[in-house]
Amino acid sequence: MLFQCKPWIGVGLIGFGVFFLLMGILLYFDRVLLGFGNILFVSGLPFIIGLQNTFQFFVQRQKLKGSSFFLAGILLVLLRWPMLGMLCESYGCFLLFK
């Protein structure tokens, strides 16, 4: 309930997250910008669709493979493997939204 009362915060977090992700890609996969963008993007989702709906989206049985690749990509970016992490995230996004 707390997270659904301010969806504009989530829009701002996701907007800044996408901005930092794009800047990280344009600056030759800068791992700091990519990591910061990932954290902002993922933290903005619960503010828009709610914490429970976010959790339910990522743990659906048919979307578990995509969620695993997406979260593994975020972890790889944070562990200083930005190219492999972004490839993994992209594949995970493809599987989540196909």
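How many nonpolar, polar and charged residues are in the lining of the largest pocket? By class, that lining holds 12 nonpolar, 3 polar and 1 charged residues, where Ala, Val, Leu, Ile, Met, Phe, Trp, Tyr, Cys and Pro count as nonpolar, Asp, Glu, Lys and Arg as charged, and the others, Gly among them, as polar. The model is predicted, with pLDDT of at least 70 needed for local features and 80 or more for side-chain atom pairs, while totals for chains, interfaces and linings use all residues. Residues are numbered from 1 along each chain as its sequence is written, and side-chain values use heavy atoms, leaving out hydrogens and water.

The pocket itself has a volume of about 280 Å³ (a pocket being an open set of points on a 1 Å grid where a 1.4 Å probe fits, with protein on both sides within 12 Å along at least five of seven lines; lining residues have an atom within 4 Å of a point). Of its 16 lining residues, Phe41, Leu45, Phe70, Cys93 and Phe97 come closest to the centre. Helix α5 gives the most, with 6 residues (helices are DSSP runs of H or I, at least four residues, numbered from the N terminus).

Then there is the packing of α5 (residues 82-97) against α4 (residues 64-78): their axes come within 7 Å and cross at roughly 160° (axes are lines fitted to C-alpha atoms over the stretch in contact, with angles from 0 to 180 degrees between N-to-C directions). So α4 is roughly antiparallel to α5 (an angle over 145 degrees). Residues of this contact divide into 14 nonpolar, 5 polar and 2 charged.

How values were computed. Helix = DSSP H or I, 4+ residues; strand = E, 2+ residues; numbered from the N terminus. Parallel < 35°, antiparallel > 145°, perpendicular 65-115°, else oblique. Points joined across faces, edges and corners; volume = space filled by probe spheres on them.
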